[in-house]
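Please read it alongside the structure shown below.

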Number of protein chains: 4
Amino acid sequence: MSPDQAIKPQQTTMGSQKLPFATDYMYLCHPAILKRMTEISDTAYMGYGFDEICLTAKEKIRQICKSPEADVHFITGGTQTNVVAIDALLQSYEGVLSTITGHIAVHEAGAVEATGHKVITLPEHNGKISVTDVENYLKTLYVDETSEHQVQPGMLYITHPTEVGTLYSLNELTEISRMCHHHHLKLFLDGARLGYGLAATETDITLPDIAKLCDAFYIGGTKVGALIGEALVFPRPDTVSHFFSQIKRHGFHLAKGWIIGLQFDTLFTDNLYFKISRHTIELAEKLRQGIQNAGLKFFIDSPTNQQFVICSAEQTQKLRENVDFEIWENLADGSKAIRFCVSWHTTEEQIDQLVQLLKETASSTL
Amino acid sequence: MSPDQAIKPQQTTMGSQKLPFATDYMYLCHPAILKRMTEISDTAYMGYGFDEICLTAKEKIRQICKSPEADVHFITGGTQTNVVAIDALLQSYEGVLSTITGHIAVHEAGAVEATGHKVITLPEHNGKISVTDVENYLKTLYVDETSEHQVQPGMLYITHPTEVGTLYSLNELTEISRMCHHHHLKLFLDGARLGYGLAATETDITLPDIAKLCDAFYIGGTKVGALIGEALVFPRPDTVSHFFSQIKRHGFHLAKGWIIGLQFDTLFTDNLYFKISRHTIELAEKLRQGIQNAGLKFFIDSPTNQQFVICSAEQTQKLRENVDFEIWENLADGSKAIRFCVSWHTTEEQIDQLVQLLKETASSTL
Amino acid sequence: MSPDQAIKPQQTTMGSQKLPFATDYMYLCHPAILKRMTEISDTAYMGYGFDEICLTAKEKIRQICKSPEADVHFITGGTQTNVVAIDALLQSYEGVLSTITGHIAVHEAGAVEATGHKVITLPEHNGKISVTDVENYLKTLYVDETSEHQVQPGMLYITHPTEVGTLYSLNELTEISRMCHHHHLKLFLDGARLGYGLAATETDITLPDIAKLCDAFYIGGTKVGALIGEALVFPRPDTVSHFFSQIKRHGFHLAKGWIIGLQFDTLFTDNLYFKISRHTIELAEKLRQGIQNAGLKFFIDSPTNQQFVICSAEQTQKLRENVDFEIWENLADGSKAIRFCVSWHTTEEQIDQLVQLLKETASSTL
Amino acid sequence: MSPDQAIKPQQTTMGSQKLPFATDYMYLCHPAILKRMTEISDTAYMGYGFDEICLTAKEKIRQICKSPEADVHFITGGTQTNVVAIDALLQSYEGVLSTITGHIAVHEAGAVEATGHKVITLPEHNGKISVTDVENYLKTLYVDETSEHQVQPGMLYITHPTEVGTLYSLNELTEISRMCHHHHLKLFLDGARLGYGLAATETDITLPDIAKLCDAFYIGGTKVGALIGEALVFPRPDTVSHFFSQIKRHGFHLAKGWIIGLQFDTLFTDNLYFKISRHTIELAEKLRQGIQNAGLKFFIDSPTNQQFVICSAEQTQKLRENVDFEIWENLADGSKAIRFCVSWHTTEEQIDQLVQLLKETASSTL
């Protein structure tokens, strides 16, 4: 399976005339952010997040999450946020449960293990964890006379949307949360693409729901219009201690902390985060319709900004001439599961062009 | 699956009249070792392995391995030996490949991850790794555009005998070694029960073969008659640097290093290691015959000292009254896969009694 | 001693009318960078540094360093750069030598130790390491019969300019380099403020000198006009392996890698990096002259952008009303060593105002 | 300074006719232990400490410590015990305070740092920590605006007797304990030679005192008559969680756990631990008197089993012909500080011979 960060070292996209559907982090940032950066570029700020922009941004996040007591921290990127949150929530001897396709299990080069914690993998079901699988795992572990010879599980890591763009329902997340807390597992939600999940037409989960049900989660910025940065939220205060020092110990502090604060302050002004996410979803749905109209099949049924479609090898090659996308999986019959990433920067025109190309290549390669 | 170290905290065996087939480390040590310890108890030795007994023992191991240049190190126990060897052979960013049932993957409480290395798990086939599986894994990894986002594999860890008592053939081990070195993977063989593997009737692998084919391996003492200790062998000199300091950094040095030297010096005098291993195998084969005669089925076909047999739940319960053994796995039909561990301390009389009990309980619970 | 990052959580500077001499990372970035970011904001780029801007920026750095074979990597911040370079250059069991005031020894919250490496501290002399101290340390270590019970030193970490703004001469650096390589120590130079060192009036060290003498070094961006980012240089190829994966394992990759590439591409176009550094030094020298004229004494004789002056407690308090600065050390006689940080953003007018305030407060508090 | 484990790889002591005063771990174990091992060598025991001998031994330790609720764990050696206790008592981001000469700071090859924790060093005063030094360190740390950029101290590590044989008084230990708990520091006492401290003529500290004042401590076995092993005591229950799994994660479990249990069960039967410690102290005092009578000066005033005396280089060389000892420090005037280690195995006759040699070499080298 070819993940998100798939990038051929040999290629560069700059100046490419190809339609940009490779990832959702191909563009600098939303214009509103660039404008704001320009405005404050001659103002001096205190470093390390002790500035007013960060304070304001954190307060906005607390309000939108209906978590007035939440601890909010701005971290530069997703892997960093996963590592520092997991390491802070776990005891040194504990491991973290994840689906076998979870980002921490596969595509972070062992960053979690580098902090001494085992990633304990369980099956995935459309990218999601199953409560039954976790409970069976725990049952086996603790019935086993040797449970203390095994890694003690301390938390469950989930992604929402998942690596394949699927979503938990509120019922599912509630059940996961209940199960975790029953078994004294912390629950951490990786929201690298959270905006696209919250804006999905069919979702019934809100930020306050997530804040209520999780011990920690992050609101992704990098893939949802920010220049850099993720907002890590511990909805309940005192969840972690000396967290500033913990971030520093991992090397994850940005000296000019207000840069990330500014991203989220801008994204959470006038609902910008939700507007650009909704814009993206609407285009993804249009793409979805176009894929169906072209008579192509979906590899996975995704309600968010990543769309996975099955194409013949020939069609895939033809598409490559005009479109940047990922080959997600080489299927047994020789065809390909390919991924198109719609983003906040995508235009309706680009969707129309992509749909047109899908139709043309589908018919020409029959 | 219930591993080796399975021990209920609630129970103690002392004074138990039950037949001791729970593990192969239930008795102190071979009488020859105790005798030797008594003889040297009033002699002063230098600490940390710089004594004459260690020097002699190392030389004996070099000779028996036909590896005159080998670096030999005495370490207290198996997990320690695995950890220090793996950490020394890997670069900090590399991971170790293992079957999913490998000891390091399951029953060492994350000791390898605690040193920052991911254990990358692959399927097991009768406890063994398959060259095809490793090569497919590598092919996928390196074809993948994101291979550098994944943990870089640096070595293959195998056990011989495996966790379920099976053995690699010389052909298989040769092929594994060739594949590893072709792909720049170090090959490390965990020989916690190596004596029982070398003494197996059907094996064609010798210590010199192992020394030739592996980058590192250890000759297990704890489970083969020693009080404590394993002998870690790097057949080629300069495989590792500052290894004394590396052992110390893990906390694994024994101040009275000559104690472990004495174990191996005794075990490799007059072929004692092979004699007691062969004695064990002969009794295991007798047990094997008895199991067949009792009409019971094997769970796994093991040519070494661990014998796995399928018993009904009722029979298992009856056996429990008179025998110490492990329940290895609860089978889907309600029956049990149980493990009997024969050891250097087992007597022919004990085998006869166990076989008799197997027959009686088999017939009475039909 | 109060370091660089000293920031009271209670305060924010925004909107402050105080003269900004607290640190050299109080402003967003040089206008040329902001302009460039605006220009490329609608161009799609490949992630993780595989874009053309990064390629161009790396080439410029190779040329300016006269190191055509150098490996150049862009990392978000200074602590990250230290951690990933040190961890990559050391064997897992090795430690890093540093002065007792080195940034890694004091102000990175144990980030180096978090990767398992001891920071071995030696005395500082005006912020600098002494070759004699290192050699005496090594002599003691290796004469000692227990050297293998101690951490094996694998590298020397130095800062240039040092934490207190001082500089090594070319002779000193050459001698350090010779000593390091004689003793098989890697030499790593932390150049968080390298621009200010290279632009100092009295220095005789150039970037090609550093590239020739060190195994690794970094050219600081964050404190020298960049938005974010440091350029880590390994002058000789193949110094490190799988470094992309190592960066990822620490969580230090920026998905939008071109952002940092753009910083350095801009800074190394038309000598911008050296121009703004020289501008800063000229203002620092003006401040220096003003301090002398005000009859104040220097705490440390610094030829770079940090100026350390001794003020009475009363004067310090008066200055606080109009100036942001750091109290570096509380001296025994009740007076204070205070630090003024000049930066690329400082104006001549601000220097004039500061000098005026120094004079006024000096006379009024006599 | 030449520590305890000082051993020249080139030498072996076996068969040496020299008087054995090099260390206190040169002999196998007390005869009572060897006898006991012989007696139980044909009894089967459960592994990993779940045997009756361990249970009994733990109960004896609880009684002698007057800590009926204490958690007691048997670990193979001193470095292991330090590592597992420190790692379990600290949060992942915390460091441990120690004198600059503390064993963990110097002679464990970075074993504490290998678990990610910084060893923060403070001055030593006759081997001891000073409450004032710790409080000054904390005052500076927390007054400092950058305290969160530094490692958070989580515990104080002390040795008793210290590395140079000195002892804390009950008043001192009480004051240290009060200070630690006032500042939320855990207090851990390394008792590698605790027996010799408790048996010292002038001490006023008892095991119950230590149990009352410390969060954790260990009763050294290796240097006080045991074959191997240390008894780690957490006087208050629930001080640590999942400690079995934590020990396993470090690789520190002995499969045949009863071996260490047997050591302590024997040592704490009929006061053997105190008898052999007292025997040692009486001989050390006799040696002490002999040193004075020979007109030699002490390097350090030690009331325990290690005696440090200043000899000329010539005398040192003469003594070497007949005595095994350590050179502790090369003094500025060319003379040597040498250490004689008296142990449970030392005889009165050996002391007489050593004193005689000291007298002879002192007079002949005047």
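Predicted model: local features only at pLDDT ≥ 70, side-chain atom pairs only at ≥ 80, totals over all residues.

In chain C, strand E7 (residues 216–220) and E8(C) run antiparallel and are joined by four bridges.

**Strand E8 of chain C**
- Strand E8 (residues 230–234) of chain C is mostly covered, with five of its five residues buried.
- Glu230(C), Leu232(C) and Phe234(C) point one way from the strand, while Ala231(C) and Val233(C) point the other way.

**Sheet of chain D**
- Seven strands of chain D form an open sheet with mixed pairing, in the order E2-E8-E7-E6-E5-E3-E4.
- Strand E2 (71–75) and strand E4 (119–122) of chain D are the edge strands, each pairing on one side only.
- From one strand to the next, the twist averages 25 degrees.
- Strand E6 (residues 186–190) and strand E7 (residues 216–220) of chain D run parallel and are joined by two bridges.
- Leu189(D) has Phe217(D) as its bridge partner in E7(D).
- Helix H6 (residues 170–182) of chain D lies across strand E5 (152–159) and E6 of chain D, at about 145 degrees to E6(D).

**Domains of chain A**
- Chain A is divided into domain 1 (19–28 + 273–364) and domain 2 (31–271).
- The centres of these domains, taken over C-alpha atoms, are separated by 27 Å.
- Contact between them involves 20 residues of domain 1 and 23 residues of domain 2.
- On the domain 1 side, helix H12 (272–293) and strand E10 (306–311) of chain A each supply at least two residues.
- H12(A) gives the largest share of that side, nine residues.
- By class, the domain 1 side has 10 nonpolar, six polar and four charged residues.

**Contact between chains A and C**
- In this contact, 52 residues of chain A meet 53 residues of chain C.
- Helix H1 (31–39), helix H3 (78–89), helix H5 (111–114) and helix H10 (243–249) of chain A are the elements that give two or more residues to the chain A side.
- The chain A side comprises 26 nonpolar, 19 polar and seven charged residues.

Notes:
Residues numbered from 1 in each chain as written. Chains lettered and ligands numbered in written order. Contact = placed C-beta atoms within 7 Å. Nonpolar A, V, L, I, M, F, W, Y, C, P; charged D, E, K, R; others polar. Domains from an automatic or database assignment. Pairing = 2+ DSSP bridges. Axes fitted to C-alpha atoms, helices over the stretch in contact; angles between N-to-C directions. Buried ≥ 20, exposed ≤ 12 C-beta atoms within 10 Å, placed from the backbone.
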